Amino acid sequence: MKGGWRWAAALVVTGAVWAGCTQTEKHHDESEQGNPGLDTPRQDGDGTIRPPPDAGTGTGTGTDGGVSPDAGTQTPDSGTPDPGTPDPGTPDPGTPTPPTEAQIDFPQTSGWQFFGTQHGGPQRVYGVTADEGGNVWVAGGEEGLFLLRPGATTFQRFTMADGLRPYGFMADGSEPPGEKYLKVISVAGGPAGTVFVGYEGRPGKNGDHCENNWDRTDGIAPDPSRYKSGDADKVTLRPDGTLEVVHYDIFSGPNVVRDEQRGREKLCNILRIAYDKNTQSVWFGGNHGFARGDARFTGNNTCNGQLSCAGVYEHVHPAINAIGDTGNGVLLTDAYYGVAVHPSGDAFFGGANRSTRFRYGTNGFSYWTAQSMTEDAPYAWNRFDIWPDKVGEPNMSRPEDRIDDNVSGMAVAGDDTVWVSSFTRGLARMNAEGGDLQYVKLPVSELSSVAVDPLDGSVWTGTRWLGIIYRVKNDSVQTYGCAQFDNRLCNSRISDIQVDRSNGRRRILVGFMGYDVTHVPGAIGIYTGN
């Protein structure tokens with residue numbers, strides 16, 4: 001095998017979590033959240049798009065912004081813009097992917113197997129997972145959903161023509177009028193032959209964005225093709241190779257939320273998904289907040305967001321009050337890329353500003369109790385500031401006080417350690433109560449994902465701008481970069497790392513997003529070595 005374990009200066013620093021005791025007021029704000037999503041081009045301060053940094057220069061800077069508070073049982077939300085810059089254009093959902101001349105000549109690196117466009121894979125890879133039957137599923141953006149069956153070397157592609165449904169239902173169960181937009185951005189394997197698929201909502205700015213459109217205040221009627229776009233599907237392979245699709249319409253209908261009697265349409269971009277077999281939960285990390293789906297849900301297109309039949313509880317966020325750029329009050333919450341299941345039935349969620357342990361299993365599977373323990377004032381201790389701001393609760397920070405966490409991934413280890421990666425801050429670890437914070441220094445601090453290896457407890461994390469993977473074990477760091485991978489592959493971007501435990505084995509699945517489809521298309525790496 002090329003490369004090997006090398007000792008690095010794994011600087012470990014003990015930190016502390018901010019705690020507070022009260023929140024007395026909620027504020028509204030329409031300002032934009034600046035979390036750097038996977039689609040966001042790297043920019044310098046002048047707004048110019050720059051190439052990726054060299055391996056040793058990734059330092060990252062935080063961003064700030066705010067959105068208005070969750071209605072929940074309180075006051076209405078305002079909205080959060082798209083966490084990433086959408087790719088241009090929407091292909092015809094029934095048109096095959098055009099061939100590309102850009103194909104990576106994959107390296108013969110011991111323990112690794114690679115698949116790319118020459119195997120029928122997508123030009124951009126947003127996520128990769130495996131179900132309990134060993135089927136590998138890939139989130140291929142606007143090209144759709146891709147499947148690599150066990151033993152196969154060619155992908156099968158699915159689009160809206162095959163039943164994918166990146167939009168919800170109108171009150172009468174009909175399709176929303178207007179343009180349909182397909183962009184698969186997240187996947188999580190379920191039972192054999194089943195995958196949970198997350199979509200990006202139809203892109204737009206301000207009132208046109210799928211998060212803001214339902215609540216727009218400019219006198220223009222909301223557009224169902226926007227506020228009903230996105231969300232998630234449960235996709236199951238039938239014996240004949242066709243798909244059975246059940247849509248999770250992640251919204252609350254009329255008279256469900258006390259202070260939003262008209263209904264609530266807020267979550268639309270499903271950034272990460274985690275499936276918990278033990279509680280039959282599907283946890284959705286999205287723009288603005290997170291939600292729970294019932295993994296056994298069989299669909300109900302005329303439910304209209306009622307709790308008794310929707311198959312979804314939405315939404316929660318560990319938000320904090322703060323002061324905006326103009327002195328206005330804002331509630332900070334966005335971009336929950338961190339989603340990880342705990343053996344207790346709880347789930348961890350990490351966002352742009354704060355993270356939390358959603359105490360679902362430890363509260364007798366009461367979603368509402370867990371929501372209170374994330375959102376309410378007495379539980380400020382359960383809102384984790386992993387890279388601490390200069391000012392914590394109950395005080396309201398100003399922009400210059402904030403060090404946004406920009407969480408990109410979370411993973412729970414067997415020793416009850418929770419690992420956290422950040423798009424801008426690097427790699428951290430904490431205990432399952434959010435304490436004993438420590439930071440691991442790596443050559444690059446712009447990380448996009450994290451996973452724990454069940455084989456030996458090592459931690460895999462990938463870089464946001466470069467196709468470099470670090471494997472951390474104790475005080476050693478093994479690097480997979482240009483010395484081990486094809487030069488173009490290492491200039492890709494790591495979009496996802498997941499562990500496949502199907503059929504009594506362990507495989508590490510890595511999504512290489514690609515950097516530009518003309519020269520560096522997406523790819524999937526599967527590691528089976530020790």
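Cys210 and Cys268 are both buried, where buried means under 20% relative accessible area, exposed over 50%, and partly exposed in between (1.4 Å probe, protein chains only). The model is predicted: local features need pLDDT of at least 70, side-chain atom pairs count only at pLDDT 80 or more, and totals for chains, interfaces and linings use all residues. Residues are numbered from 1 along each chain as its sequence is written, and side-chain values use heavy atoms, with hydrogens and water left out.

**Disulfides**

A disulfide is taken as a pair of cysteine sulfur atoms within 2.5 Å, and by this rule the count comes to three disulfides. With the bonded cysteines of the chain numbered in sequence order, the pairing runs 1-2, 3-4, 5-6.

| Disulfide | S to S distance | Torsion about the S-S bond |
|---|---|---|
| Cys210 and Cys268 | 2.1 Å | about 65° |
| Cys303 and Cys309 | 2.1 Å | about 90° |
| Cys482 and Cys490 | 1.9 Å | 75° |

The torsion of about 65° makes the link of Cys210 and Cys268 right-handed. Cys210 lies in the loop between E8 and helix H1 (224-227), and Cys268 in the loop between strand E10 (243-248) and E11, so the pair ties together parts that are 58 residues apart in sequence. Helices (H or I, at least four residues) and strands (E, at least two) are DSSP runs, numbered from the N terminus.

The disulfide of Cys303 and Cys309 is also right-handed, with its torsion of about 90°. Cys303 is buried at a relative accessible area of 7%, whereas Cys309 is partly exposed at 21%. The link of Cys482 and Cys490 is right-handed as well. Here Cys482 is partly exposed, with a relative accessible area of 43%, while Cys490 counts as buried at 1%.

Strand E12 (residues 281-286) is mostly covered, six of its six residues being buried. In a regular strand the side chains alternate between the two faces of the sheet. In E12, Ser281, Trp283 and Gly285 point one way and Val282, Phe284 and Gly286 the other way.

Two strands pair if DSSP finds at least two bridges between them. Strand E11 (residues 270-276) pairs with E12 in the antiparallel sense over six bridges, and Ile270 stands opposite Gly286. These two strands form a hairpin with four residues between them, and Gln280 in the turn has a positive phi of about 50°. E12 also pairs with strand E13 (residues 290-294), in the antiparallel sense over five bridges; the bridge partner of Trp283 in E13 is Arg292. E12 and E13 form a hairpin with three residues between them, in whose turn His288 has a positive phi of about 75°.

E13 is also one of the elements against which the buried residues of helix H2 pack, together with strand E14 (312-316), strand E19 (355-358) and strand E20 (383-384). In H2 (residues 367-375), the buried residues are Tyr367, Ala370, Gln371, Met373, Thr374 and Glu375.

**A four-stranded sheet**

An open sheet of four strands has the order E21-E22-E23-E24, with antiparallel pairing. Its edge strands, E21 (407-412) and E24 (438-440), each pair on one side only. Strand E22 (residues 417-422) and strand E23 (residues 426-431) are joined over six bridges in the antiparallel sense, and Ser422 has Gly426 in E23 as its bridge partner.

**Nonpolar cores**

A nonpolar core is a set of buried Ala, Val, Leu, Ile, Met, Phe, Trp, Tyr and Cys residues joined through side-chain atoms within 4.5 Å. The largest has 26 residues, and those with the most contacts inside it are Leu145, Phe158, Leu164, Val184 and Val197. Elements giving two or more residues to this core are strand E4 (136-139), strand E5 (145-148), strand E7 (184-189), strand E8 (194-199) and strand E9 (232-237). A second, separate core of 18 residues includes Phe106, Ile494, Ile508 and Ala523.

**Gln498**

Gln498 is located in strand E29 (residues 494-500) and counts as buried at 18% relative accessibility. Residues that Gln498 touches, not counting those up to four places away in sequence, include Thr129, Val187, Arg507 and Ile508, where contact means heavy atoms within 4.5 Å.
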